[in-house]
Amino acid sequence: RALTDSEAALSGPFDLKARLLANENPFGPSPAAKKAIADALDKSYQYPFMMMSQLSGKIAAYEGVALKNIVMDSGSTPLLHAAALCYTKGGKSVITGDPSYDDLPTYAEEFDGKWVKVPLTADYKLDLDAMEAKVDANTGMVYICNPNNPTATVVDTAKLKAFCERVSKKTMVFVDEAYIDYLPDAQAATMIGQLKAGNNIIVARTFSKLYGFAGLRLGYAIAQPETITMLKKYSSAGFNISSTTLAAALAAYQEKDFLAETLKKTNESKEYLYSVLKQEGYDYIPSSANFVMFPIKMDGKKFSTEMFKRSVGIRDWKLNGKDWCRISIGRMDEMEAFAAAFKEIS
Ligand code: PLP
C-alpha cells in the first residue's frame with residue numbers, strides 16, 4: 001500500500017531543501033502561538049484540563065455548538081482511528097473515494113474492518129452518488145475527505161449537504177475537513193451546519209494544516225453527544241494533548257490576520273507552481289488545498305528518487321494506472337528548489 005502522509009514524513013531525509021511531501025505548512029505556527037508556548041512552560045507541571053475546556057469553549061462558541069459536541073486529541077489522527085475502530089468493528093465496512101486519504105480505512109483493515117473503494121469522477125472529485133449506491137447492510141461508515149487528499153478537489157457544497165442528510169440516516173458519515181481552511185469561505189463549505197440540523201455525522205478538523213501545528217499535534221471532532229461519548233471511549237479523550245500545544249492553540253485559534261496572510265503566501269506559491277508546470281508542458285488538477293497533483297511523464301518511483309537526490313521531497317502516486325506527483329505547497333524558496341530540480345529531470 002502507499003505510505004500515509006505521516007509515514008512519508010518520517011521516511012525521507014529531514015534536511016531537505018524543499019520538504020514538500022507531507023502537506024505541512026511552513027508558514028506557521030504564528031508568532032503569538034510561539035510566544036504562548038514559551039509563556040506556558042512555567043506552568044507546564046500542571047495537568048492541562050482547564051486549558052482544554054477553555055479551547056473547547058472557544059471552538060464551540062465560534063461554531064455555534066455545545067461543549068458536549070466536541071472531542072479533542074493530539075491531532076485528528078487519533079480521532080480518525082477511534083472512528084475506524086468504533087464504526088467498523090465486527091467486520092463492518094468503510095466506504096471511501098479512491099484515491100482518498102487512506103489512514104482511516106487502513107487502520108480499520110488492521111483490525112477487522114472492510115474497505116470499499118469507489119473511484120473518483122472524471123474530474124477527480126469524490127463520486128458521491130456512487131458512494132451512496134455502495135451503502136448496504138454491512139456498511140459501518142462512509143468517509144468523505146473534503147477537500148480530498150491527494151487530489152485537492154472539493155465536492156459541491158449543496159450536494160454534500162444533501163448527501164449527509166440522506167446517508168446519515170443509514171450509516172455514520174465522517175467528513176474529514178483537514179484542509180477546509182484553505183477554501184475562500186470555510187464557514188460556507190463546512191458540514192457542521194448539517195450536524196447542527198440534527199444529522200448523525202462526524203466532522204473532523206485539525207490545527208496541522210493552515211495553523212501550521214503539525215508538530216504540535218492538535219485536532220478535534222464535532223459530532224452528536226452520543227457519538228462524542230463513543231469517540232472518547234476509543235481515544236485519549238484529550239488526555240494526551242500537552243499544555244504547551246493548548247496554549248499555542250488558544251493564542252492562534254481564529255487569528256484572522258495571520259491565517260489570511262498564510263493563505264495568501266500559500267496561494268502565491270501555488271500560482272508560481274502552476275506557472276512552472278505550464279511552462280514545462282504539464283497539466284495539473286486545480287487545487288483547493290495546500291498541495292497539487294499533476295501527471296508525470298516517467299515512472300513515479302524514478303521521479304521521486306531523482307527529486308530526493310536533488311534534496312526535494314515530493315510524493316509519487318498511481319492514479320488511473322498512471323504516474324502522478326503530489327507536491328505540497330511550501331515557501332517560495334522551496335518551490336524554486338522544486339522548479340530547478342524539475343527542469344533538470346523533466
Ligand atoms: N486528514 C487528512 C485528510 C490528512 O491529510 C491528514 C494529514 O495529512 C490528517 C487527517 C491527519 O492530520 P493530523 O493528525 O495531523 O491532524
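Predicted model: local features only at pLDDT ≥ 70, side-chain atom pairs only at ≥ 80, totals over all residues.
User: Which residue of strand 6 is the bridge partner of M141?

Analyst: Strand 5 pairs with strand 6 (residues 172-176) in the parallel sense, over five bridges. M141, which is also the bridge partner of V94, has as its partner in strand 6 the residue M172.

User: How many of the seven residues of strand 5 are buried?

Analyst: A residue counts as buried if 20 or more other C-beta atoms lie within 10 Å of its own. Strand 5 is largely enclosed by the rest of the structure, because the number of its seven residues that are buried is seven.

User: What is the strand order of the open sheet that three strands form?

Analyst: Strand 9 (residues 291-295) and strand 12 pair in the antiparallel sense over five bridges, and five bridges also join strand 11 (residues 315-319) to strand 12, again with an antiparallel run. The three strands form an open sheet with antiparallel pairing, in the order 9-12-11. Strand 9 and strand 11 each pair on one side only, which makes them the edge strands, and the twist from one strand to the next averages 30°. The order asked for is 9-12-11.

User: Which residue of strand 12 is the bridge partner of F294?

Analyst: Strand 9 and strand 12 are paired over five bridges, and the partner of F294 is found in strand 12. D316 stands opposite a residue of strand 12 as well, namely C325. For F294, the bridge partner in strand 12 is likewise C325.

User: Which residue of strand 12 is the bridge partner of R315?

Analyst: Strand 11 and strand 12 are joined by five bridges and run antiparallel, and D316 stands opposite C325 in strand 12. The bridge partner of R315 in strand 12 is R326.

User: Which residue in the turn between strand 11 and strand 12 has a positive phi of about 50°?

Analyst: Strand 11 and strand 12 form a hairpin, with two residues between them. The residue in the turn with the positive phi is N320.

User: Are helix 4 and helix 5 roughly parallel or oblique to each other?

Analyst: Two packed helices are described by the angle between their axes and the distance between the axes. Helix 4 (residues 77-88) packs against helix 5 (residues 103-110) at an angle of about 45°, with the axes 9 Å apart, and helix 4 passes helix 5 in a right-handed crossing. Angles under 35 degrees count as roughly parallel, and helix 4 and helix 5 are therefore oblique.

User: What is the handedness of the crossing in which helix 3 passes helix 11?

Analyst: Helix 3 (residues 49-63) and helix 11 (residues 243-252) pack at an angle of about 30°, with their axes 10 Å apart. They are therefore roughly parallel to each other. The crossing in which helix 3 passes helix 11 is left-handed.

User: Where does P147 lie?

Analyst: The peptide bond from N146 to P147 is cis, with omega near -5°; a cis peptide bond is also found from D98 to P99, where omega is near 5°, and P99 lies in the loop between strand 3 and helix 5. P147 lies in the loop between strand 5 (139-145) and helix 7 (157-167).

User: Is Y124 buried or partly exposed?

Analyst: Y124, in the loop between strand 4 (114-119) and helix 6 (128-133), has a positive phi of about 65° although it is not a glycine. With 18 other C-beta atoms within 10 Å, Y124 is partly exposed.

User: How many polar residues does the shell around the ligand have?

Analyst: There are 14 residues around the ligand, and G75, S76, T77, T206 and S208 come nearest. By class, the shell has four nonpolar and two charged residues, and the number of polar residues is eight.

Conventions
Residues numbered from 1 in each chain as written. Near = placed C-beta within 6 Å. Nonpolar A, V, L, I, M, F, W, Y, C, P; charged D, E, K, R; others polar. Pairing = 2+ DSSP bridges. Helix = DSSP H or I, 4+ residues; strand = E, 2+ residues; numbered from the N terminus. Axes fitted to C-alpha atoms, helices over the stretch in contact; angles between N-to-C directions. Parallel < 35°, antiparallel > 145°, perpendicular 65-115°, else oblique. Left-handed = near helix turned anticlockwise from the far one by under 90°. Buried ≥ 20, exposed ≤ 12 C-beta atoms within 10 Å, placed from the backbone.
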